[in-house]
Amino acid sequence: MKRLLFSLLLGLGLAWGQFPITESFMNSTAPGWVIGGNAYLTSGNGDPTGQGWLRLTRNTNNQKGYAYYNTAFPSTLGVRIEFDFLAWGGSGGNRGADGISVFLFDGATTTFTIGDFGGALGYCQGYGGSPGGLSNAYVGIAFDEWGNFSNPADRCPNGGPGQRPDSVAIRGPGNGSTGYAYLTGTGNRLGGTPLSGTSIDYETAASIRPSPSAYYRRARVDLVPVGGTYQITVYLATSPSGPFTQILGPYTMPSPPPPTLKIGFAGSTGGATNYHEIRNLSVNALTAPADLRVTKTGPATATPGGSITYTVTVQNVGPNPLSGASFSDTVPAGITGVSWTCTGTGGASCQSASGSGNAISTTLNLPLNSSVTFTITGTVSPSAAGQTLTNTASAFPPAGYTDTNPADNTASVTTQVVAYTLSGRVYHDLQPNGLREPSEDWSSGTLVYVNLVQGGSVVQSAAVNPGTGSFSLTGVASGSYTLVVATTSTATAPQAPPGWRFIHPATGSLALDVSSDRSDLLFGLFQGFLVQGRVFRDDGLLGGIGGDAWQNGGERGIAGVEVRATNGTETRTALTDGNGDYRIYIPGSWTSVTLSHPLRPATGWNDGSAAYPVSSFAQAASSTSSGATASLGSLSSDRTVNFGVAWDGRLRPDGSGQTTSPGTLTFAHTYTPGNQGTVTLSLANTPRYTYQVRLDLNCDGDFQDAGEGWQSLPYVFSVGPSWPREPDGSFRTCGLEVLALVPPGEAAGAVDLALVQAELAWEGNPSVKEPDTVTDTLQVAGGEVRLSKRARNVTQNTPFGTTAQGRPGDVLEYCIAYRNLGTLPVTQFVLTDPVPFFTDPLLSVADYGGRAIQWTHGGSPSYLTANSGDDAGEIASGIVRVTVGTLGPGEEGEVCYRVQVR
């Protein structure tokens, strides 16, 4: 049996080795091909060398030519034949004659004879007295231009519907003067197919071969073994890039082929003619269809040490008998003592009827509709406790066959051995974020155990691997358990090692209903401490106390604030949530911890038992404010740090204007408190005239309510619970007006400057006073001095503009231009400008010749010191001052100075 099987497989291998057959017919020779009759190769014989065709006929009467490949192949193989063909230059009106045939004949034929010309297409026997048909023919497929291959009244007398021009037809076996029966075909002009109305030949008169763009035909003929005979399907492509269209079949031959076959072509003419040519032939083997079906049964559950039995059935459901099909079944290693038997029905048999061992492999002989049954027995190993055993059997057709339904070529049975394995890892959650990163293991941890607890007792314990952190509990029966991490193997409750805390799960335990293996059990611990707290708006909302560094009343948390912890070289951050809360885990290796946030002004912080408020507003607003920084030192326990933040108070904008002498001028401003507390409105300089203020205390847009009349300076008012607020809790902006009172007798063009300051003492920390200022410039009507101001960031090299921005440490430059637009001189003109808050004036500027002020008046710039009395300029008490003196009509100038942002 083994020798026979080897011979069969060897034969199939040799047969498959004959394919593919490729022949372009473009050269002057075609190795392996026998060319006869009127056929010849046109390379160098009518066509350029290397660009020829296999010409089966010229366009003259009563020709027949052929070519066949003189090597046989087993008829058990399927075949795909593809070739280009041309039928052109005909003499039969708009339809040439006769056509081209593709044929298969007995591979054992020693003397080859072509069939008749005309409608016989070199395949059929012709009229009585003709030399007969193709020798030992099995099948002929015609591409028939004239249509007489289907006509029993012509040269194929054995059956047919009559003349069918431009059709494809199939005739069956024949030899000599008998056979060649009509089997099937298309209608006229490929009627009844997707290419209905299509011609076989080129129906335009032509003296030269038509180009592919004008006329192109490529045929495909598939012959597939089915049930011992052939199933034939014909396709046609009508453009070089177009698809193949199925025009005939699949048609199953009524009789089996001989053991071997040869392939050939023929063409013919009769009373009408065409050139018939072939090119670019390929012949490839097609696998035969098969369908093996595997079914398998076995138990869903088993017990360690118990017996187990599987039953496997392999059926051949068609369409071909199969000899040498393969079968395999690798029984899982968890089953020992495996033995098997094989029995067949319907003529089926196994190469081996029985055997032993976990690797089962044999071959099967399966006639059509037969089957074999394997019975496999064994014992479940105790080591398989808790495992899922999957047993898969497979069967596949032998070489030369393709299973049309491979999905049922395998079958599996899954058996649960009723004991399970629980495994996972304990890891150092360095982030910590409750997720195990690839680099997180237990190499920095101490000895811990994972204990399986049920009914208040430890059922099983596993020591955690000190490097990887892995653990495994095997042979666990189904049921409900609690898995805990502990420092001893007998603990029934979680125990974190000293200095460690559970992160995931936060309790250090997992409740499990065990009904399967689990390999995803994770316990994350962190070595270090937790710093947590809240960033809140310390503004006295809803009964709170503003600025005391405690969250009280209705003071709100602030969302989205980045709280930063650092030890000088490493940093950890957290964003506050919707309530203003944050949590930062600090590694135990840190020897110092400093906590900070970026919001200003900061009111201070508290640890839940003591508050640490800022001592001044400069400290509150500083980029390194101690009120927004908590230095905790080395941690030995968890800490709470809550940060308070005030709003940014604003008094704006600067004002300017003219009035008569005597007269008054009102400057309109707005004031926005930054906290609850007491505000003192005062003059930060000593102006020439008298100034009064009034405040729209309820922010209703007028000054008509009680207490909103004009007040002398200094004027003190409270920002308390009644001050209107915006929906976000911030203080509403209210109107504030400054009234200048000019006495009689003032010279036209006289200028006065009032530096109005609002100083807010925080309610909960009165030593903190937030200063906000505006500058109001008044000119007595008559002189017309116009002032303009510009600024730029020197550090960032920005151009001058009406505004400038800077970071702490940046140098800003301010320039105030003046010009007398009137017709009278302005006397005693002094230009003053307050130094912006949170900046320090530079008293020595390299660009100013090492001095503090650059003054340009009527010519080149001059440079002034900051010292009072030694020249026309000074910088004192936060005011830049230049004594211009008399400013004549049309005269102008500019004063510049620089500051550094704190």
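A residue counts as buried when its relative accessible area is under 20%, as exposed when over 50%, and as partly exposed in between. Keep that scale at hand for the stops that follow. Remember too that this is a predicted model.

**Stop 1: Thr-468**

Select Thr-468. Its relative accessibility is 34%, so Thr-468 counts as partly exposed. Thr-468 lies in the loop between β34 (457–463) and β35 (470–476). Now show its surroundings. Setting aside residues up to four places away in sequence, Thr-468 touches Arg-425, Val-426, Asp-441 and Trp-442.

How far apart in space are Thr-468 and Cys-896, C-alpha to C-alpha? The distance is 69 Å, and in sequence the two are 428 residues apart.

**Stop 2: Asn-451**

Move to strand β33, residues 449–454, and pick Asn-451 within it. Buried or exposed, where does Asn-451 fall? Its relative accessible area is 0%, so Asn-451 is buried.

Show the side chain. Asn-451 makes a polar contact with the side chain of Ser-461, at 2.6 Å. The side chain of Asn-451 also reaches the backbone oxygen of Thr-488, at 3.0 Å.

**Stop 3**

In general, strands of a sheet pair through backbone hydrogen bonds.

**Stop 3: the whole chain**

Zoom out and color by secondary structure. The protein chain has two helices and 67 strands. Its radius of gyration is 52 Å, well over the 29 Å that the globule rule gives for 902 residues, so the chain is more spread out than a compact globule. Along its principal axes, the C-alpha trace spans about 150 × 90 × 55 Å.

Switch to a surface view. The accessible surface comes to about 37100 Å², and 50% of that belongs to carbon and sulfur atoms. Buried residues make up 50% of the 902 in the chain. Finally, consider contacts between residues at least 6 apart in sequence: 68% of them join residues at least 24 apart.

Notes. Residues numbered from 1 in each chain as written. Predicted model: local features only at pLDDT ≥ 70, side-chain atom pairs only at ≥ 80, totals over all residues. Heavy atoms only, no water. Helix = DSSP H or I, 4+ residues; strand = E, 2+ residues; numbered from the N terminus. Buried < 20%, exposed > 50% of the residue type's maximum accessible area, 1.4 Å probe, protein only. Polar contact = N/O pair within 3.5 Å; in protein donor to acceptor, adjacent residues only side chain to side chain. Contact = heavy atoms within 4.5 Å. Rg over C-alpha atoms; globule rule 2.2 N^0.38 Å. Areas by Shrake-Rupley, 256 points an atom, 1.4 Å probe, with all protein chains shown as cover.
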